[in-house]
Amino acid sequence: MTSHSDHPALVPDHPDMPAVLGGMPTFPAGAPGWPLQDDAIREVLLDAWEDGSWGRYHGPHCDRLINALSKMHDGADVLLCSSGTVAMELALRGFKVGSGDEVILAAYDFKANFQNILTLGATPVLVDVEARNWQIDPSQIEAAITEKTRAIIVSHLHGGMVDMQAVREIAEQADVPVIEDACQMHGAMVRGRTAGLWGDVGVLSFGGSKLLSAGRGGALLTHRDDVLQRIRLYTHRGNDASPLSEIQAALLLPQLARLAERNAVRSENVERLTSQLKDRVAGLIPFHCDLSNSQPAFYKLGFRFQPDEFAGLTRDQFSCAIQAEGVALQPGFRALHAIHSQRRFRAIGELPHATEADVNILTLHHPVLLGSENDMRQVVAAIWKIQIHAERIAAYVSG
Ligand SMILES: *Cc1c(COP(=O)(O)O)cnc(C)c1O
């Protein structure tokens, strides 16, 4: 082994030295933030201050948002609510999910979806994800259906996409409704339909990190009158029990107007990253959608991390090193079976792919994807830098 002093690549501040070993970060200013400092948002806030709509129960903004969302979703009925999590709970209530029932979902999914099922006294039934793209495996759903099944929750995660046509066929055969979680996919196209429209109910989030952000907020899309009626009966208690406010709706309108344009920029940058990574880096493979007539939206870009290609660095160690470069590449969420007692759920099979997803998914946060072509080159250069120096980083972190 060479010592620190006689190896030129180990001189601190050398541009090729990873920040985690004392070099200059690729992005010294850090990762770009969210929400954007948009002039349109500033105007909305000033208008609301001037006309007092920020402080009123009612006004024009929620109705405008409902109309805009409905138009974007093929005329679906839209119900606004306080979060994506609440939208999912309302959807489950709309299908009368309760004590003794079962709801199917992927073992790798957003934790609140699991928690909502428990809240209603029902049992989550976990199925594995596909090895190919770590989304729910439609072929596993069939084996999970029993006479107790009340609903199937299907989430599109990290820029991956579920073949909703396959899911619908299985669900219709069994006469079980589908709830499509499109909280990470605003405005995406799934086999020729806008994301959220394949479900009997679709769920959107306007949380503070999402592609459409109002700090908090959510919406539910449906063509099912009976379900909507049941949900309205539950939420209307002389007042709306889980409302979206006028100011939140007002803030979402200008973002909705620019969603398609920003989605296009993000998609273009995902293509750039994907092709450059393929050329320069081994073992960090972006999620890829190969469904026809489809265009994902990127709240996150998911990656499969392969430790062997990074001198045995764990996903979390790699994540620390790349975040030190100013690149927001973070671990995905935990798999549901890995963080909950087995008494809480029923599992279909051993869930090997969800177990791997738990350990090896990385996600790139969407503000990065609004950057320039050069930013994308720099992101790839930062990853490459970690790969080149992986052995030294591994030696450093192990003592
Ligand atoms: C963000 C998100 C939600 C809902 O989140 P809220 O913060 O409650 O609005 C639901 N599902 C997925 C997959 C999400 O990413």
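## Around the ligand

A polar side-chain atom of Thr85 sits 2.5 Å from an oxygen atom of the ligand.

The residues surrounding the ligand (a heavy atom within 4 Å of it) include Ser83, Gly84, Phe110, Leu157, Asp181 and Cys183.

## What you're looking at

This is a predicted model, where local features need pLDDT of at least 70 and side-chain atom pairs count only at pLDDT 80 or more, while totals for chains, interfaces and linings use all residues. Numbering runs from 1 along each chain as its sequence is written, and side-chain values use heavy atoms, with hydrogens and water left out.

The largest nonpolar core has 86 residues, and Leu69, Leu92 and Ile179 have the most contacts inside it. Helix α3 (residues 84–94) gives the most to this core, 5 residues. At least three residues come from each of domain 1 (18–31 + 258–398) and domain 2 (39–257), with bounds from an automatic or database domain assignment. Another core, of 33 residues, lies apart from it and has Leu21, Leu284, Phe305 and Phe310 among them.

For the terms: a nonpolar core is a set of buried Ala, Val, Leu, Ile, Met, Phe, Trp, Tyr and Cys residues joined through side-chain atoms within 4.5 Å. Buried is under 20% relative accessible area, exposed over 50%, partly exposed in between (1.4 Å probe, protein chains only). Helices (H or I, at least four residues) and strands (E, at least two) are DSSP runs, numbered from the N terminus.

## Helix α13

The 16 residues of α13 (residues 373–388) should span 22 Å at 1.5 Å a residue, and the end C-alpha atoms are 23 Å apart, which agrees; the expected span is 1.5 Å times one less than the number of residues. Buried residues in α13 include Met376, Val379, Ile383 and Ile386.

Trp34 and Pro35 are joined by a cis peptide bond, omega about 5°. Asp74, though not a glycine, has a positive phi of about 55°, and it counts as exposed at 59% relative accessibility. Lys96 isn't a glycine either, yet its phi is positive at about 60°.

Technical notes: Polar contact = N/O pair within 3.5 Å; in protein donor to acceptor, adjacent residues only side chain to side chain.
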